[in-house]
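Let's walk through a protein model together, one piece at a time. Keep the picture at hand as you read.

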Amino acid sequence: MTERRHELRRYPWQVRDSGQLLLVVAAGVWLVASVAQTAATGLTDPRTAIAFGALIAFGEVLRLNLPGDRESAPVGLAGALAYALLIQVGHHQAKHSAHQVVTVAAVGMIVGALPHLAVGRPARLSGMAVRLLCVACVAYIFRPLAGNAAVVRDAGLAFSLMTSLAIAALLLEAVLNALLRVDEQRARFKVALVDEMRLQLPLGAAVGASALLIAFAAEVMGLAALAVFTAPLLVTQVALRRYAGIRATYLQTVRALAKVTEIGGYVEPGHSERVSRLAVAVGRELGIHEPQLLELEYAALMHDIGQLSLRDPITGGATIFVSPTDQQRIAGLGADVIQQAQVLGSVAEIVRRQNEPYRDIDPATGGYLDHPDGERDGPPLSSRIIKAANAFDDMVGSSLDPGRTAAAVHQLRLDTVREYDPEAVEALSRVVNRRSVIQM
Amino acid sequence: MARLSWAARLYIAAVVAAAAAVIAWGPFTFPSNSWRDIAILGLLLVVSESTATRLSPGDLSWSPNTTATLAAAVLVGPVGAALVGACTAFSLRRGPSPAQRAFNTGMMAVTAYIAGRVFVAMHGHVGVLNVNSFPGIIGPFAVAALAHVLVNYALVGGVLWLARNVEGTTRTSQAGMTRVLFSDLGYGAFGLLIAALWTVVGPFAPLLVLIPLFVARWAVAQFAEQQRAYEATVGALCQAVETKDFYTRGHSDRVSRGSVMIAREIGMRGDRVEALRYAGMLHDVGKLGVPTMVLQKTGKLTEEEYAAIQLHPMRGLDIVREIGFLDEALAGIMHHHERIDGRGYPMGLAGDEIPEFARVLAVADAFDSMTSTRSYRGARPTDEAIAELRKWAGTQFDPAFVDAFVAAIKREGWQRPEPPVLAADELATVPAQDHDDPSAPLRVIDSL
């Protein structure tokens, strides 16, 4: 994660805009108002408040970093939602106000964030703000209803109401997180939202169900419910943490081994890394979803791995200056290597077809060899993106000089007649323009 | 369990008959709406039974069905629990044979019935819980859960023992059984929670309780899958690195296996063994930084060329440094050519100064080199290579690890590489020396 921040600093086209700030300020204002209200009326049922506050703080300490630099605090969020949805604790009816829910949740989150700050990790205010806003919305809708006689008596009504509120809260969380992503990485909103929902669905279901369980079970078991129903969520969290860890190691390993080509003198230093960053930025610009984006990143990192099978390095390693047949052969060798892993089938396919021209030209007539029904069996989008990004890097290298960049983009545009996908080239042009504008 | 012995068949028949008997005798003295509860809990059992996972291929499979039967024991009593247990018959799982299915059904019914009886005998109150049930119910329930798990364990143990000679039933490890025992107790605890929630949300209780459980299992499966993918990818990439040098194909893989054998023999901790395995796979990655010309040179090496070879562990470290490994794996990669007497490279460390991983890797590395075919000699027999290892123990290798490796090979054997078959276009890439081979040290032109 620190590495991610590092990247952000290094690549100015990814700087954060003001959306995050807006969100944090909104949550902050709400928080101040709630604290003031709670202070004026006093804490209702302090024992319950402290128990839930402690659970939320505990959950915040155990924050989880999911793939794609997504931060979440499943236990904390489940605890806060349960507190907002509480109807009865043992024999007593829960009478705390929505303000109190927001106050307890916020205090719990802040206390839980302190250990992170103490060991030098960032506080991640935006994530906390998103969680707080979700909890606040649920609390302000449900707290007034919780005292309602109909809700207390009719378990079915309470169940459906609470379930829909929990689902709505988790949807709101997905939307807010997607908006933050759009803001941060210039992803498209629809793509970001779908990615967010797909990634968070299982965990979200577990969080929502646990929140409901805690809220209902508190009626029968009292506050023991908090400890009991946190257990499955903790198991999930441990497994997901290890999952995220191995995924990060995976990416680091592919990156490291892609560097083998550089140390072996096959390609210019930094080439694979640059091509992969550029390809991912272009892919995001074109609205590629995250799982495919990861495949694109792997393929881009390993696109030159086939050169390892060559006896001697190609001078300079710049593959666009090599004959097309040799390029195809190297791509094929690389794909064979990746194929052996058996789990990266589509990555191998992307690497195999990275040099195919975008359009086939009939050598006799000079016209396109498009299929009559418009369906072309062309290379996959990711291959086309890598082709463009690779060619761009071969021409520009690590230079950020705007003149050189413009010349390279111009060259790529000229070749869209046959070699490069015009869409990919345009997206690439937008990405590199953003980069050089900020650079100047 | 394709062909069962008569004893096993008889045993299964007895279990099924016992199940039928307890259900038939009743007494069916529960309130009328219990039939709805039994149906819902039965459905829950079928769902969890149908999603059972195998502990490992060919091993016992387990599922969280204890949750359903124990909830039934509390909510609808022993006979109701037996009925719920009998719903195992409707499992959608395709794996089990008819005999297995019959046994599972009978076993679950009997187990659930006994657990229910124990619960009642411990003065547990059968029926929907209320606020006053806690904490009094916890004691009887815990005893019932324990009885459930033990009866289950005993019945399954019995059938495994009777069917032990039948082909296809692998012996389940003690550790595996213990794990099932504990996870069953854990899942059983959720049975009480379902029973408790039944008061508030009725039949929605199982749904709510099971969502987090299934997500937890999903997360564990995701982790396992990612781990497998990672291993496969590292293996494939290491092979890519090796394609350059024809004779050393598979070397990294074998060194990795050999190192793990040594590590297990000396009782190394699990996560360190894992790290060592990756270190073995990646130990020669730095060879890519050595010009092919030098690696394949036939004559004596110049000082500069020898220096280039001596640098390969450092190059390897440069490549893998950014991987979030244990530091130990990195140290192992960097120092795998150090010698106990201090005459190795790149640092010339001696004795205990050399990291443990590096000392392990050195033994496996040299052994694989000696037992593989090289252009300048054939593969040596295993015995001869062991003798060679012993000869260098104390000067080049750590004697303790040599002993451990020899012991492991004696027990588990060693899979030697196939002799390489040269393709026509590969003749040119034949190295004439091997830097890993202790019996034929690199020949360096003497500068004096």
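## Two helices side by side in chain A

Helix α12 (residues 271-285) of chain A packs against helix α13 (residues 290-301) of chain A at an angle of about 155 degrees, with the axes 8 Å apart. Helices here are DSSP runs of H or I with at least four residues, strands are runs of E with at least two, and both are numbered from the N terminus. The axes are lines fitted to C-alpha atoms, for helices over the stretch in contact, and angles run from 0 to 180 degrees between N-to-C directions. α12(A) and α13(A) are therefore roughly antiparallel. Angles over 145 degrees count as roughly antiparallel, under 35 as roughly parallel, 65 to 115 as roughly perpendicular, and the rest as oblique.

The crossing of α12(A) and α13(A) is right-handed; that is the word when the near helix is turned clockwise from the far one by less than a right angle, while anticlockwise gives left-handed. Residues that make the contact include Val275(A), Ala279(A) and Gly283(A) of α12(A), along with Leu293(A), Leu296(A) and Ala300(A) of α13(A). Two residues are in contact if their C-beta atoms, placed from the backbone, lie within 7 Å. By class, this contact has seven nonpolar, three polar and two charged residues. Ala, Val, Leu, Ile, Met, Phe, Trp, Tyr, Cys and Pro count as nonpolar, Asp, Glu, Lys and Arg as charged, and the others, Gly among them, as polar.

## About the model

This is a predicted model, where local features need pLDDT of at least 70 and side-chain atom pairs count only at pLDDT 80 or more, while totals for chains, interfaces and linings use all residues. Residues are numbered from 1 along each chain as its sequence is written, with chains lettered from A and ligands numbered from 1 in the order in which they are written.

## Where chain A meets chain B

The contact takes 53 residues from chain A and 49 residues from chain B. On the side of chain A, α8 (155-185), α9 (189-221), α10 (224-258), α11 (260-263) and α14 (324-339) each give two or more residues. The largest share, 20 residues, comes from α10(A). This side of chain A divides into 35 nonpolar, 11 polar and seven charged residues.

## A look at chain B

Chain B has 16 helices and two strands.

Helix α3 (residues 65-86) and helix α5 (residues 138-162) of chain B have axes that come within 11 Å and cross at roughly 135 degrees. That makes α3(B) oblique to α5(B).

Asp45(A) has a positive phi of about 50 degrees although it is not a glycine. Is Asp45(A) exposed, partly exposed or buried? With 16 C-beta neighbours inside 10 Å, Asp45(A) counts as partly exposed.

His123(B), also not a glycine, has a positive phi near 65 degrees. His123(B) is exposed, with 10 other C-beta atoms within 10 Å. Finally, the peptide bond from Tyr345(B) to Pro346(B) is cis, with omega near 5 degrees, and Pro346(B) sits in the loop between α13 (327-334) and α14 (356-371) of chain B.

Terms used. A residue is buried if 20 or more other C-beta atoms lie within 10 Å of its own, exposed if 12 or fewer, and partly exposed in between; C-beta atoms are placed from the backbone.
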